[in-house]
Amino acid sequence: MLSKKTKYAIKALVALGKNRENPPMQIVRLAEQEMIPRKFLEQILLDMRNAGYLYSKKGAGGGYSLNKDPNDIYLADILRITDGPIAMVPCASLKFYRKCDECHDEVTCGIRKTFIDVRDATLKVLAQTSIADVIARETDDKVVH
């Protein structure tokens, strides 16, 4: 399941992506608009800034803005920053690999092979979906058919 931290990070990045042509957004406004607890949002934005996705400006007219184009911010990267591995078991992880304590032979382990397939399918979607794509999907849903 997606953690609240990841969900809030994506919501904040989408809001900042929609706000690109405007001055930086203050945390208070972003927290209220996206219904994210302010203290939690502060930590998430700090993590995103430290990872190079956000720019922050202090003082009057300050706030947060995207440091990258929304087309270049992928959900897989955000998930890894906020939650760590995408794989559901450590032995199937690409970037956070760890041998499972109870596994006798990784080469023949059916559980590992299955969850590598799950990881690959999930990663295919997350690595190809950008914040711009999420914004576009929101816009598409508003079109009356």
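1. Helices here are DSSP runs of H or I with at least four residues, strands are runs of E with at least two, and both are numbered from the N terminus. On that basis the protein chain has six helices and two strands. Their order along the sequence is α-α-α-β-β-α-α-α. The C-alpha trace spans about 60 × 40 × 25 Å along its principal axes.

2. A word on the basis. This is a predicted model, in which local features need pLDDT of at least 70 and side-chain atom pairs count only at pLDDT 80 or more, while totals for chains, interfaces and linings use all residues. Residues are numbered from 1 along each chain as its sequence is written, and side-chain values use heavy atoms, with hydrogens and water left out.

3. Burial and contacts. Buried means under 20% relative accessible area, exposed means over 50%, and partly exposed lies in between (1.4 Å probe, protein chains only). Buried residues make up 40% of the 145 residues in the protein chain. A contact is a pair with heavy atoms within 4.5 Å. Among contacts with a separation of 6 or more, 58% come from residues 24 or more positions apart.

4. Domains. The chain is divided into domain 1 (4-66) and domain 2 (75-129), with bounds from an automatic or database domain assignment. Their centres, taken over C-alpha atoms, are 29 Å apart. Nine residues from domain 1 and seven residues from domain 2 take part in the contact. Domain 1 and domain 2 bury about 670 Å² between them, 77% of it on carbon and sulfur atoms. That area is the accessible area (1.4 Å probe) that the two parts lose on being put together, summed over both.

5. Salt bridges. The criterion is a side-chain nitrogen of Lys or Arg within 4 Å of a carboxyl oxygen of Asp or Glu. The count comes to six salt bridges, with zero between domain 1 and domain 2.

6. Helix α1 to helix α3. Asp47 forms a salt bridge with Lys5, with 3.1 Å between the closest N and O atoms. Asp47 is in helix α3 and Lys5 in helix α1, 42 residues apart. Asp47 is buried at 18% relative accessible area, whereas Lys5 is partly exposed at 22%. The search for aromatic pairs finds one in the whole structure. Tyr8 and Phe40 form this pair, edge-to-face, at 5.6 Å centre to centre and 80° between the planes. Pairing needs ring centres of Phe, Tyr or Trp (its six-membered ring) within 6.5 Å; planes under 30 degrees apart are stacked, over 60 edge-to-face, and the rest tilted. Tyr8 lies in helix α1 (residues 4-18) and Phe40 in helix α3 (residues 38-50). Tyr8 counts as buried because its relative accessibility is 12%; Phe40, at 32%, counts as partly exposed.

7. Within helix α3. Glu42 and Arg38 form a salt bridge, the closest N and O atoms being 2.4 Å apart. They are four residues apart in helix α3, about one turn. Shared partners join Arg38, Lys39 and Glu42 into one network of salt bridges.

8. Two more side-chain details. Arg20 and Asp69 meet in a salt bridge at 3.5 Å, N to O. The charged end of Lys68 sits over the ring of Tyr53, 4.6 Å from its centre. That label requires NZ of Lys or CZ of Arg within 6 Å of the ring centre and within 35 degrees of the ring normal.
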